[in-house]
Amino acid sequence: MALCEWVYLDGKIVAASRARVPVFDRGLLFAQSVYEVTAVVHGALIDVQAHLERLERSLTGVDLPLPMSLDEIEAVQTALIRKNALSQGVIYLQITAGDYRERDFAGSRRLRPRLFAFCQARPLIDEKSRNGVGAITVPDTRWARRDLKTTQLLSQVLAYRRAHDADAFTAIMHEDGMVTEAASANVWIVDRAGDLQTRNLSAALLGGVTRAAVLRLAEIPVRELAFSLDDLRAANEVFLSSSGGMILPVTQIDAAPVGTGKPGPVTRNIQRAYYQAVGFDVAADAPWALP
């Protein structure tokens, strides 16, 4: 993966090496900031309207106004993709509460948000998509409004670090014995009855844009219902959904195999349907996902 040369900051596209954010920015001082990450395939934004709607909802949740209209934010992303000649990867939006040259918890009555955007060029379908990944389970220590996509990501950072220390790719978080979500993705299981299940939306987890796409594309029954760690470990298949990872099979949890220890048929069907929906040529880009 590679960060792109050009970024957007405070109304201008500039070289990343020249971009500067003031040290008194409220995003740095208080984490009063939100973000979105959107996949880019063949130079086009994937599910952009759903991402922008979630961005507006997150801003409202942390008491921040939009820095510009949603159409203008989409235009910023499109311009940045073109400037970087980005064909495949992701684009990040970071919106902070801005800089007021003081440290005051409440801040100004009229906040002036700062918009920062950058791109990362990388393949969205890779060996992890084909072979699956390992995961560990960790307690969920995040704040109570996990449905808002804020930059308060310390719990996720620590979860990823614990996973890497255990030679796993990611961590699946749990609370009171029930699975919430992965460190940066929604979690799905195929239970022993063959049904597809993912946790119902609430303040306990983020409503993923890719999660919504899977719900539209799934051709088997889907239950939106909380499930336990025991259900997770007993599942025939487990996969994750996110903008950056798309549909990622989980083949090992806490060093024990999931099902056969290989990506299962339901996961492959979901991968194939999603890849087709966002514009990939499955035969060329993911032939292993074909029936």
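A residue is called buried when its relative accessible area is under 20%, exposed when it is over 50%, and partly exposed in between, with a 1.4 Å probe and protein chains only. The structure described here is a predicted model, in which local features need pLDDT of at least 70 and side-chain atom pairs count only at pLDDT 80 or more, while totals for chains, interfaces and linings use all residues. Residues are numbered from 1 along each chain as its sequence is written, and side-chain values use heavy atoms, with hydrogens and water left out. Helices (H or I, at least four residues) and strands (E, at least two) are DSSP runs, numbered from the N terminus.

**Helix α3**

- The buried residues of α3 are L70, I73, V76, Q77, L80 and I81.
- Seen down the axis of α3, these buried residues fall within an arc of 135° (taken from the directions from the helix axis to the C-beta atoms), so they line one face of the helix.
- On the face of α3 turned away from its buried side are the exposed residues D71 and R82.
- Just after α3, A85 takes a positive phi of about 50°.

**Strand β6 and its partners**

- Strand β6, made of residues 88-96, is mostly covered, with 7 of its 9 residues buried.
- Strand β4 (residues 33-41) pairs with β6 in the antiparallel sense over 9 bridges, where pairing requires that DSSP finds at least two bridges between the strands, and V34 stands opposite I95 in β6.
- Strand β7 (residues 114-121) also pairs with β6 in the antiparallel sense, over 8 bridges, and G89 stands opposite A121 in β7.
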